Amino acid sequence: MTEYKIALLGFGGVNRALAQLIADKNSRWADELGFKLKIVGVSDLFLGSVINKDGLDAHELAAVPAAKGSLKALRGGSDEPANESVIRFAGADIVAEATFTNPVDGEPATTFCRWALEKGISVVTTNKGPVALHAQSLKALAESTGARFEFEGSVMSGTPVIRLAKESLAGSEIIGFKGILNGTSNFVLSSMETGLDFSSAVAKAQALGYAEADPTADVEGHDVRLKVVILANELLGAKLKPSDVLCKGISEITAEDITEATKANARWKLIGSAEKLSDGSISASVSPQLLPSTDALAGVSGATNAITFNTAILGPVTVVGAGAGRFETAFALLADIVSIHKHNTQSGK
Ligand SMILES: NC(=O)c1ccc[n+]([C@@H]2O[C@H](COP(=O)([O-])OP(=O)(O)OC[C@H]3O[C@@H](n4cnc5c(N)ncnc54)[C@H](O)[C@@H]3O)[C@@H](O)[C@H]2O)c1
Ligand SMILES: N[C@@H](CCO)C(=O)O
């Protein structure tokens with residue numbers, strides 16, 4: 001039985017959910033997927049760190065309180081983070097990187113990815129910073145050391161979008177896409193339709209684990225802008241930077257705007273889109289749009305996301321599913337590990 005040793009970088013909502021899934025489902029995965037996962041190290045800015053090359057007890061780990069320095073209570077634990085040691089020296093085959101998204105330069109997460117990839121350790125990440133800002137160099141580094149750099153969860157959490165478009169829509173000639181790509185803002189807009197005020201809706205999205213560490217990124221559209229960059233660069237062959245994407249969020253939408261929209265049988269949605277123009281250039285934007293109820297995206301509520309790929313051969317193809325959430329996003333890390341396993345199996349690794 002193949003066993004992958006994994007190190008968890010950041011132990012917030014997503015990686016803790018992954019630890020819980022490993023605790024609950026490792027035997028099932030062994031039967032269904034042909035591999036088991038063993039957690040050999042964890043490092044978190046707030047909780048501290050722990051390394052155990054023989055494998056940590058995933059049940060015990062998932063139950064560690066979310067209190068400062070709490071990883072110290074585990075055997076081999078410390079109340080200080082030890083990012084570099086956990087990445088380089090815990091004996092991991094795969095690093096699951098789920099620290100804060102930094103939309104400005106992608107750091108320090110990009111450095112964490114580099115430390116792993118340089119050593120031939122594969123990286124699975126849900127962090128949009130390294131992917132939107134440094135995907136090309138990280139993929140090249142991975143290629144040069146025989147590692148994999150996988151990032152399905154950076155867009156629409158565990159709902160398959162990037163791999164689906166690259167693999168199942170290969171040859172369909174994707175010429176653009178339009179989507180609801182932020183769970184928090186869609187949750188806020190849906191909550192406002194039921195009478196909740198903007199701030200309470202944001203607070204609820206934070207409690208449910210949907211929001212970024214600073215939810216301004218969600219409601220001002222910055223998170224969607226990174227996702228538009230990721231999708232345009234990965235699927236449309238663009239070389240966009242976040243500053244190339246016009247961006248407006250939902251913070252100016254008032255309760256009155258929502259009431260007026262409902263009366264007109266329409267809904268406000270934060271839409272991220274990109275399109276290949278006839279001269280080969282890419283036009284991309286993020287903005288709130290008033291969609292008539294007949295639009296395929298208008299019926300998408302709560303933290304659910306949806307994307308319509310506009311393809312030359314198939315026409316529009318829409319994917320709807322979870323856009324945020326701890327377990328939903330941890331599933332994306334599993335999907336990336338499954339992809340690494342398939343690649344290893346096919347290449348006889
Ligand atoms: N939660 C979701 O629904 C979701 C969905 C898709 C993508 N993401 C992305 O996944 C990542 C993790 O999300 P989350 O919800 O678990 O966030 P979170 O805020 O719950 O957890 C992040 C953890 O990373 C730790 N951390 C931050 N900087 C660190 C550093 N320099 N070194 C070590 N640890 C560090 C923090 O202490 C925190 O515990 C983020 O980048 C987020 O944008 C989240
Ligand atoms: N904060 C993000 C997480 C998923 O990337 C959202 O609400 O969509």
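Predicted model: local features only at pLDDT ≥ 70, side-chain atom pairs only at ≥ 80, totals over all residues.
Local features need pLDDT of at least 70 and side-chain atom pairs count only at pLDDT 80 or more, while totals for chains, interfaces and linings use all residues. Residues are numbered from 1 along each chain as its sequence is written, and chains are lettered from A and ligands numbered from 1 in the order in which they are written.

**View 1. The crossing of helices α5 and α10.** The axes (lines fitted to C-alpha atoms over the stretch in contact) of α5, residues 128-145, and α10, residues 222-235, come within 9 Å and cross at roughly 45 degrees; helices here are DSSP runs (H or I) of at least four residues, numbered from the N terminus. On the α5 side the contact is made by K128, V131, A132 and A135, and on the α10 side by D223, L226, K227, V229, I230 and N233, where contact requires C-beta atoms, placed from the backbone, within 7 Å.

View 2. Of the 29 residues around ligand 1, the nearest are G10, G12, G13, V14 and A324. Domain 1 (2-157 + 327-346) and domain 2 (162-323) each give at least three residues to this shell, with bounds from an automatic or database domain assignment. Helices α1 (13-33) and α12 (326-346) each supply at least two residues of the shell.

Notes
Axes fitted to C-alpha atoms, helices over the stretch in contact; angles between N-to-C directions. Contact = placed C-beta atoms within 7 Å. Near = placed C-beta within 6 Å.
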